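Q: I am new to this structure and would like to go through it step by step. Could we begin with the overall picture and then turn to details?

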Amino acid sequence: MITMTGGRSPAHTLGPRAHTLAILLGTAALSAVPVPAAAQDAAGEYQRGSKDARPEDNTIIVTAAKRGHGAPLVLSNTPAANPASVTVITQDDIANKLVTTAGDLLRGSNGVQVSDYGQVGETQGITMRGWSNGYDSAYIAYYQDGVQRNAASHISVNGYVDLNPLIPETIDQFTIVRGPFDTRYGGNFAQAGSVVATTRDFIPNSLSITGGSYGFVRAVASLGKKWGDTSLYTIVDGQRSDGYRDRSGAKLLKTFTKFATPLGGGRFTLGVETYNNKFEQPGYIDVGLIKDGTISAKDAISDSDHGSAQTYTAIANYLVGDYNQGLEATASVGHSALNRTSTTYPYPQYYRRDARWNYSGSVEAHRRFEVAGVDTLVLGGVSIQHTNARLTELPSQDGEEITGLDPLDAYFYQREHVRETTKSAYASLQIKPVDWLKITAGGRYDHFSFDVDNQDYDATANAYYEAPFKTKTGRFSPKVGAAINPVPDITVYVNYGESPRSPSAFSELTTNPDLNVSHLTSKEAGIAWDPWNRRLHFQANFYKTVNSNEVGQVGYTYVNLGTSRRKGLDLETSLELIQSEAVDLKLTGNYSAVKAGLADGGYVPFVAKWLAAYGARVDYRLPGAGGESIRVDLDHEFFGPQKLDSLGTYSAGTYNRVSGKVRWMLPEKNNLNLWAGGVWYPGSVYNEFGFSLSDRIYVAPKPNVQFQVGASVNF
């Protein structure tokens, strides 16, 4: 239930929090249960995606039950080796998820909040560590196969991240680094942290069909071929859905093709991604009108709101060397376009288009050696990204933009041609003076330049005017950290890091071309306990962050809210409770609490005060059935209350979400998989995302229950 402050919501109680804390404590308390001496080591699970770690490091790189954590004492150029709070999500984890939107791929990870905006062809809100979930995942630096995919100066929000083009079956792993502590991936837009995705080099011939509630149908087919160490595959993903609400249907087609081959002593890969989505737009509706029966939760705002999205990206990568010495070069070119008309009362309908070309290139080298007997790893790299974007915001009517002068332009009119270039250089040093201590130190410099042709509208004169400008800015961001292993099974780590955030050419520089980068400083300290051959994992992490320039939205206008501060606590635990010939049982739990406020005493909007989740995975191997097994996967997430504006006038209450999936796996029958699953919101269906506008609260209602059934087979 979303309410105005002053009327305490019944959902704003300690019930869900106390319940979840009890589950977390109970999971940790299971450490008192005896376990078999022949416990199987879970080490090296994420190692399949690592490019340069040594075989002997596999005994250090560990995986917690269900989701992996990092390797803070390993010298490596992979982000999973940061002495920080790191989670690794593998393809096996992804296969067990019930995916209704792309953001579901990251759900359930410690401290990660995912908000489905319910606007079909647009992105979702993915965030962590007290950063707003209302700004299109723009506070997370997202990389895919070495290329940053945040859209700088996007017309929706600066740093826009769209995971919708992803085909889940193509992902080898996600590595989540909380905070701005990674030297390579902790640059622009890494305020909350980084998510690094790598795609699989090969997928065999397969076919998958899924059907579900609200007219959902999905078909995925892959064709792959190997010639020795050379491989090629193409995967095609077609979907359609009617959607829960009126005008929430979509038809989309995605493809991904990857070629990999040895070349000149190294390995070359080329991946090509395409994405086309044609969708309707249900809009955000007044929750008060739903509750008093004036409208239905399924109603759409307008009969003509609609949109489309396209993405075409090619990424080439060349990797040569090994864990001692290596070189990696990456180049990419991509085109994307997002078009939509949307209506949010009391504003009239508007049309937005963001069409851009993106070009990037990067080179990184690392070398491992000894200095006076001290194990040392040095790495450094440079990168350049260039965006050529044309941004258009116009009033519209009946789904068609109005291109001539019109009084409605007072609300929506702006045309921009943005040429934005980011040049970055970074370096880091990792040393292990003794086996139980690792020290890291490094930094990066990011330089941003803008060349903008801007056309705006003067409502008083009822005329267009030109306001072109050029500007540049940049900042150095230091990063230091350490991890120690004072006693067996316990690791302690500390970090200090800074990161920049480039200004938006669309929403900020047009009114202040001399605006510098905003920056944040973050500190964290954590401890991890991994006894019983790592079958039990418990980790606690405390952090503090100061942001120089918090950007918020009032209506459709972005404003500077001033300095903001965050402090929070992350707890996570996992336990492989049963490991036998017939049954494996793994339990997980996490809890995060954060206080995010402005220096003037106000609130940072769209930040849940606490998050909690628990999960269970059961693997049952059928006796004498040719390797057949049944897997049951369950996740239950809880989300605390959040303020919807900086004054704290409006609030959203708690909500919780249950998802589950059951798979029957028959490996000897062409790897046939049969599955069924669902998503259930036991409480409020209005609190996942909402915002205040003109003294009203607007939301995107969720269905109480969704379900899917499906099958896949290799051929």
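This is a predicted model: local features need pLDDT of at least 70, side-chain atom pairs count only at pLDDT 80 or more; totals for chains, interfaces and linings use all residues.

Q: What does the secondary structure of the protein chain come to?

A: The protein chain has three helices and 38 strands.

Q: What share of the contacts between residues at least 6 apart join residues at least 24 apart in sequence?

A: That share is 66% in the protein chain.

Q: Let us look at strands. How do S18 and S19 pair?

A: Strand S18 (residues 350-371) and strand S19 (residues 374-397) are antiparallel and pair over 22 bridges. Within this pairing, Gly 361 stands opposite Ile 384 in S19. The two strands form a hairpin with two residues between them, and Ala 372 in the turn has a positive phi of about 55°.

Q: Which strand do 19 bridges join to S19?

A: That is strand S21 (residues 414-434), which runs antiparallel to S19. Thr 392 has Arg 415 in S21 as its bridge partner.

Q: What about S20 and S19?

A: Two bridges join S19 to strand S20 (residues 400-401), again in the antiparallel sense. Here Ser 396 stands opposite Glu 401 in S20. S19 and S20 also form a hairpin with two residues between them, where Asp 398 in the turn has a positive phi of about 55°.

Q: What is the phi of Asp 489, and of Trp 532?

A: Asp 489, although not a glycine, has a positive phi of about 75°. Asp 489 sits in the loop between strand S24 (469-484) and strand S25 (490-501). Trp 532 is not a glycine either, and has a positive phi of about 55°. Trp 532 lies in the loop between strand S26 (518-529) and strand S27 (536-554).

Q: New topic: how many salt bridges does the structure hold?

A: The structure holds 32 salt bridges. One of them joins the side chains of Asp 570 and Arg 129, at 3.6 Å from N to O. This pair links distant parts of the chain, 441 residues apart, with Asp 570 in strand S28 (residues 557-579) and Arg 129 in the loop between strand S5 (125-127) and strand S6 (140-144).

Q: Are Asp 570 and Arg 129 buried or exposed?

A: Asp 570 counts as buried at 3% relative accessibility, and Arg 129 counts as buried at 6%.

Q: Finally, which residues make the nonpolar surface patch of about 410 Å²?

A: Leu 207, Ile 209, Leu 223 and Phe 715 make that patch. Ile 209 belongs to strand S10 (residues 206-212) and is partly exposed, at 44% relative accessibility.

Definitions and conventions. Residues are numbered from 1 along each chain as its sequence is written. Side-chain values use heavy atoms; hydrogens and water are left out. Patches are made of residues with over 30% relative accessible area and no salt bridge: like charges are joined within 9 Å, nonpolar side chains (Val, Leu, Ile, Met, Phe, Trp, Tyr) within 5 Å. Accessible areas come from the Shrake-Rupley method with a 1.4 Å probe; for residues, only the protein chains shown count as cover. A salt bridge is a side-chain nitrogen of Lys or Arg within 4 Å of a carboxyl oxygen of Asp or Glu. Helices (H or I, at least four residues) and strands (E, at least two) are DSSP runs, numbered from the N terminus. Buried means under 20% relative accessible area, exposed over 50%, partly exposed in between (1.4 Å probe, protein chains only). Contact means heavy atoms within 4.5 Å. Two strands pair if DSSP finds at least two bridges between them.
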